[in-house]
Amino acid sequence: MSRSVFEELKARGMIAQMTNEEKIRELMDTQKIKFYIGFDPTADSLHVGHFVQIMVMAHMQRAGHVPIALFGGGTGMIGDPSGKTDMRKMLTRETIQHNIDCFQKQMSKLVDFSDGKALMVNNADWLLNLNYIDFLREVGVHFSVNRMLAAECYKQRLERGLSFFELNYMIMQSYDFLVLSRKYDCQLEFGGDDQWSNIIGGVELNRRMDGREVCGMTFNLLQTSDGRKMGKTEKGAVWLDPEKTSPYEFYQYWRNVDDADVVNCMKMLTFIPLEEIAEYAKLEGSALNQAKERLAFEVTKLIHGEEEAQKAQSTAKALFGSSTDTEHMPTTALKAEQFTDGAIPVIDILVASALAKSKGEARRLIEQGGITVDDERVTDIGKTVSAEDFAKGHVLVKKGKKVFHKIVLE
């Protein structure tokens with residue numbers, strides 16, 4: 001079934017809010033336009049929270065539109081207060097540039113930047129050399145502080161304290177849209193739903209300064225059915241960088257999503273046709289594992305390539321089938337000095353491998369019967385593993401039913 005790109009994004013449950021639905025639909029379905037999405041380089045890898053935005057860029061590009069990936073080399077020096085309870089850490093220019101380089105490499109797996117099919121721009125090019133007085137006179141005059149403070153992104157920070165430094169963020173993001181509109185004829189800004197206030201600021205600034213009607217659209221954030229943000233594990237964020245989150249761990253994250261979330265994730269994070277997803281939606285109980293395996297494989301393939309997705313899938317199947325294939329499993333190497341008289345407590349292994357955040361948590365996991373070492377449930381909190389137990393090359397630790405970790409000697 002052929003759908004317009006607007007209808008496709010809507011049917012996949014991605015669209016949250018729009019400044020002018022009729023105009024946006026017309027731009028997306030009858031013209032070939034440039035649109036932009038901003039990414040602040042606050043880390044050296046994109047994470048699952050960015051995934052929806054990149055998928056939107058890919059859908060739009062497939063429909064013939066030209067994505068502009070805007071990297072916040074300028075705004076990243078301030079930091080977006082949206083969704084943050086504290087001010088972000090200030091980054092150096094060198095760190096920001098390094099992070100941008102990492103983002104570009106990861107994004108290129110899903111978006112084709114060759115031959116002008118998509119553009120990469122850095123707002124440092126126009127923000128860092130602005131004259132403060134001129135900027136206030138030309139741009140700042142169009143912003144009402146009362147309206148800004150009523151915006152959700154600032155409201156939640158007022159109680160904790162919002163610096164003047166951060167108050168500028170909305171003005172700078174709005175100015176980005178003005179620059180891109182003038183320089184590239186960019187007509188649409190997209191972003192996560194937490195960016196709604198900032199996007200409206202840019203739409204309004206274009207209207208006030210240039211008399212031009214541009215539009216904005218936000219996308220639903222990737223959340224569980226009970227409203228929690230997805231993309232977090234006990235170890236922290238789920239990163240797209242294989243050095244930070246291995247392809248196997250990445251695969252397992254999606255393989256273990258809740259039953260209630262699997263269909264939504266399929267819609268938002270894969271290119272599986274909606275008609276096929278509708279068939280998966282009919283599955284119930286243990287049959288849903290088919291859908292989870294397909295989701296995990298497709299998402300891992302998009303980010304890490306088919307070969308890594310195959311490896312991750314075969315490792316997972318081997319583990320759950322009690323096979324000994326541990327080649328691609330997350331691994332921790334122990335040093336000789338961590339052993340005392342040739343042995344190391346299981347509690348120390350759990351902390352060293354980040355399966356537990358502290359010895360107290362490790363103790364609780366053992367007391368609750370949640371830890372297995374080489375297929376033997378650990379019941380004694382004083383249990384140790386000796387160097388001889390590594391004769392086969394590794395020791396396999398299992399936490400709960402689904403988390404496996406290989407321990408080796410350095």
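Analyst: The cover over the buried residues of helix H13 includes helix H3 (48–62), helix H12 (247–255), helix H14 (274–280) and H15. Helices here (H or I, at least four residues) and strands (E, at least two) are DSSP runs, numbered from the N terminus. The model is a predicted one, in which local features need pLDDT of at least 70 and side-chain atom pairs count only at pLDDT 80 or more, while totals for chains, interfaces and linings use all residues. Residues are numbered from 1 along each chain as its sequence is written, and side-chain values use heavy atoms, with hydrogens and water left out.

The buried residues in H13 are Val262, Cys265, Met266, Met268 and Leu269. Buried means under 20% relative accessible area, exposed over 50%, and partly exposed in between (1.4 Å probe, protein chains only).

Now the partner H15. The axes of H13 (residues 262–269) and H15 (residues 288–304) come within 10 Å and cross at roughly 25 degrees. H13 is therefore roughly parallel to H15. Angles under 35 degrees count as roughly parallel, over 145 as roughly antiparallel, 65 to 115 as roughly perpendicular and the rest as oblique. Axes are lines fitted to C-alpha atoms, for helices over the stretch in contact, and angles run from 0 to 180 degrees between N-to-C directions.

On the H13 side, Val262, Cys265, Met266 and Leu269 make the contact (heavy atoms within 4.5 Å). They meet Leu288, Ala291, Lys292, Arg294, Leu295, Val299 and Leu302 in H15. By class, this contact has nine nonpolar, no polar and two charged residues. Ala, Val, Leu, Ile, Met, Phe, Trp, Tyr, Cys and Pro count as nonpolar, Asp, Glu, Lys and Arg as charged, and the others, Gly among them, as polar. An α-helix has 3.6 residues a turn, so residues three or four places apart point the same way.

As for the rings, the whole structure has eight aromatic pairs. Rings of Phe, Tyr and Trp (its six-membered ring) pair if their centres lie within 6.5 Å; planes under 30 degrees apart count as stacked, over 60 as edge-to-face and the rest as tilted. Phenylalanine 35 and phenylalanine 190 form a tilted pair, because their ring centres are 5.1 Å apart and their planes are at 40 degrees. Phenylalanine 35 lies in strand E2 (residues 34–39) and phenylalanine 190 in strand E5 (residues 186–192), so the pair ties together parts 155 residues apart in sequence. Both phenylalanine 35 and phenylalanine 190 are buried. Ring pairs also link Phe35, Phe190 and Phe219 into a cluster.
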